[in-house]
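Dear colleague,

Please find the structure below, handed over for your records. My notes on it come directly after.

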Amino acid sequence: MNKKYHRIVFLTGAGISQESGIPTFRSETGLWNNHRVEDVATIEAFYKNPDFVHDFYNQMRKDLINKTPNPAHLALTELQKNFDGEVYIVTQNIDTLHEKANSQNILHMHGQINELVCLNCGKTHTTWGDSSSETTCPFCEREGFIKPNIVFFGEMPLYMDKIETLLKTCDLFVSIGTSGVVYPAAGFVQTAKYYGATTIEINLDMASNNFFFDKHIYGKAGLELPKFIKTLL
Ligand code: APR
């Protein structure tokens, strides 16, 4: 009989979307390959050359809009539907595959590819279309303040208060498909462990913060996660 968990937090990274055809960041064919991260994913780059950054994410929207969830995403939805407890998904990913899999309780700590934020009024709206430095905010109607709602290096990740609370109160923390090199996400396992959660890593290979995990499951998320979810139901 498995231990009965009551609140489970999953942290997902690019690896969970790899089998849906979305390249991860730190493989040799990573998303950033044809661009240096510093050119497209930093707040300085955005202020220096906003339309270059807008165009990068306009292209990424075109790349991501038709991608579909894989068995790993669907297994999380299955768990949320049938588990007698709470299941939260904290994702570093900006794709919308968890939403397309009809998962709930999703926290996009690095933002979302189909959202734009206004730096004047702070409101966000969704679009799969293009944005530019001339895009007008639908709320305050100012032009030139729209930014892709992506958390750039140098910016604070989103929902950190809520995530902190979840890490301190969960009894199972499962990290899936992340290399464990980008903070604060890479430190979440330490917080969860400190507050008494069981910590499990499901990854293609050993992540940099693997020391903090009680259990390691190595393999493709699309194969290993459905098997793991069955042990929780
Ligand atoms: N199944 C499971 N794990 C996989 C799979 C797969 N099919 N394919 C790759 N992986 C693993 C890799 O072994 C690697 O450890 O997924 C991880 C992907 O690591 P990264 O490419 O570094 O992606 P991630 O950890 O999500 O990056 C974190 O860095 O660039 C920023 O904001 C960006 O959110 C991103 C953050």
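The notes below cover a helix pair, the aromatic residues and some loop residues.

This is a predicted model, in which local features need pLDDT of at least 70 and side-chain atom pairs count only at pLDDT 80 or more, while totals for chains, interfaces and linings use all residues. Residues are numbered from 1 along each chain as its sequence is written, and side-chain values use heavy atoms, with hydrogens and water left out.

Helix 4 (residues 71-82) packs with helix 8 (residues 221-232) at an angle of about 15°, and their axes are 7 Å apart. Helices here are DSSP runs of H or I with at least four residues, strands are runs of E with at least two, and both are numbered from the N terminus. Axes are lines fitted to C-alpha atoms over the stretch in contact, with angles from 0 to 180 degrees between N-to-C directions. The two helices, helix 4 and helix 8, are therefore roughly parallel to each other (angles under 35 degrees count as such). Pro71, Ala72, Ala75, Leu76 and Leu79 of helix 4 meet Ala221, Gly222, Leu225, Pro226, Ile229 and Leu232 of helix 8, contact meaning heavy atoms within 4.5 Å. The residues of this contact divide into 10 nonpolar, one polar and no charged; Ala, Val, Leu, Ile, Met, Phe, Trp, Tyr, Cys and Pro count as nonpolar, Asp, Glu, Lys and Arg as charged, and the others, Gly among them, as polar.

One aromatic cluster is formed by Phe46, Tyr47, Phe56, Tyr57 and Phe152, where rings of Phe, Tyr and Trp (its six-membered ring) pair if their centres lie within 6.5 Å. Lysine 147 lies over the face of phenylalanine 152, at 4.4 Å from the ring centre (NZ of Lys or CZ of Arg within 6 Å of the centre and within 35 degrees of the ring normal).

Arginine 26 is in the loop between strand 1 (7-12) and helix 1 (37-40).

With kind regards

Note on methods: Angles under 35 degrees count as roughly parallel, over 145 as roughly antiparallel, 65 to 115 as roughly perpendicular and the rest as oblique. Rings of Phe, Tyr and Trp (its six-membered ring) pair if their centres lie within 6.5 Å; planes under 30 degrees apart count as stacked, over 60 as edge-to-face and the rest as tilted.
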